[in-house]
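Here is a friendly walk through some side-chain contacts, meant to be read with the structure open beside you. We will look at charged pairs and then at aromatic rings.

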Amino acid sequence: MGGVLSMLVLGLTCHGLYGHGELHEVIEKLSLKIEASPLDAGLLLERAEYLRKDGCFRKAVEDVARARKLQPELASCHLVLAKIDRDQKKWGSAKLELDTFMEVYPRDVAALVLRSSVCWQMGLAEEAEGDIRRAIKLHTRAPLSYYKQYVGFLLARDDVETALKVYAGAEKSLGALPVLLAAKARMLRDRGRREEASAVYASLREKNPTLGFNWWREEALMWEGRDNEKMKQALRGARRSWPLLPTRTRALPHLKLQHQEILEKSEVTPDP
């Protein structure tokens, strides 16, 4: 029963699809269900999750307490309490709740990811990295956010080489997603490894020709003030790629400004 409820709670947490008014409607509907079934611990935990999302932490804790009274062995209560503590930046108590939950469910991937972020906030870098590594390993197809979280930890201590290996693992698992390759290119760019970044930008353009303008523009900015010839080449590429963007995309105000910026820079650095 605890495992089923933990999956329910984790599923609810993953859905950030509710506005403030919609949250109230869901909470009201759950309240009616609880009135009809006051001994249903699952409904109480479900309402606690929505109350947490709505910032009603005290009421959420009260619902968890009621659920625990009904089912003292319910490990999912600790998971909900951990999220409530996390939202209030009570890192220590959040970790204690997660540790307790994971004594029962040591392979719970979402809990590992949550504990990883909590440990990071507490300055427990080694534990944070260990949890996110384990989460990626346990997940059948870990989402990109897991890999990016791990890379963030690694870059905090300038471990670019391991970060590149993590990105390689993500690409092997998820494919050459544009957002993945773009993150890799920017990581290399920001650490002065411009030739490697340029190669990744080239791969992005090859795999996503209709989005070439964005990658040429980023590369032009990367070379600006450093290598005039490479900057001019990137500016020419951006100009050529502009018509390939969908018409609606080209109509976006910020992209029109970026295009104008490219044209102005091209005038300053004309073609040879």
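## Charged and aromatic contacts

Asp99 counts as partly exposed, at 22% relative accessibility. Keep in mind that this is a predicted model. The side chain of Asp99 meets that of Arg115 in a salt bridge, with 2.9 Å from N to O. This pair links distant parts of the chain: Asp99 belongs to helix α6 (residues 91-104) and Arg115 to helix α7 (residues 109-121), 16 residues apart. Arg115 is buried, with a relative accessible area of 16%.

The count of salt bridges comes to 23.

| Salt bridge | N to O distance | Location |
|---|---|---|
| Asp87 and Arg52 | 2.6 Å | helix α5 (residues 76-87) and helix α3 (residues 41-53) |
| Arg115 and Asp99 | 2.9 Å | helix α7 (residues 109-121) and helix α6 (residues 91-104) |
| Arg133 and Glu129 | 3.9 Å | both in helix α8 (residues 125-138) |

Asp87 and Arg52 also link distant parts of the chain, 35 residues apart. Arg52 is buried at 6% relative accessible area, while Asp87 is partly exposed at 30%.

Arg133 and Glu129 are 4 residues apart, about one turn of helix α8. Here Glu129 is buried, with a relative accessible area of 7%, and Arg133 is partly exposed, with 41%.

Which residues do salt bridges with shared partners join into one network? They are Glu49, Arg52, Lys83, Arg86 and Asp87.

Now to the rings. There are 3 aromatic pairs by count. In one of them, the ring centres of Phe101 and Tyr105 are 5.2 Å apart and the planes stand at 40 degrees, so this pair is tilted. Phe101 is buried, at 0% relative accessibility, whereas Tyr105 is partly exposed, with a relative accessible area of 22%.

Phe213 and Trp242 make an edge-to-face aromatic pair, with 5.0 Å from centre to centre and 65 degrees between the planes. Phe213 lies in helix α13 (residues 212-223) and Trp242 in the loop between α14 (228-241) and α15 (247-250), so the pair ties together parts that are 29 residues apart in sequence. Phe213 and Trp242 are both buried.

Finally, a contact between a charge and a ring: the charged end of Arg205 sits over the ring of Trp216, 3.4 Å from the ring centre.

How values were computed. Residues are numbered from 1 along each chain as its sequence is written. This is a predicted model: local features need pLDDT of at least 70, side-chain atom pairs count only at pLDDT 80 or more; totals for chains, interfaces and linings use all residues. Side-chain values use heavy atoms; hydrogens and water are left out. Rings of Phe, Tyr and Trp (its six-membered ring) pair if their centres lie within 6.5 Å; planes under 30 degrees apart count as stacked, over 60 as edge-to-face and the rest as tilted. Buried means under 20% relative accessible area, exposed over 50%, partly exposed in between (1.4 Å probe, protein chains only). Helices (H or I, at least four residues) and strands (E, at least two) are DSSP runs, numbered from the N terminus. A charge sits over a ring if NZ of Lys or CZ of Arg is within 6 Å of the ring centre and within 35 degrees of the ring normal. A salt bridge is a side-chain nitrogen of Lys or Arg within 4 Å of a carboxyl oxygen of Asp or Glu.
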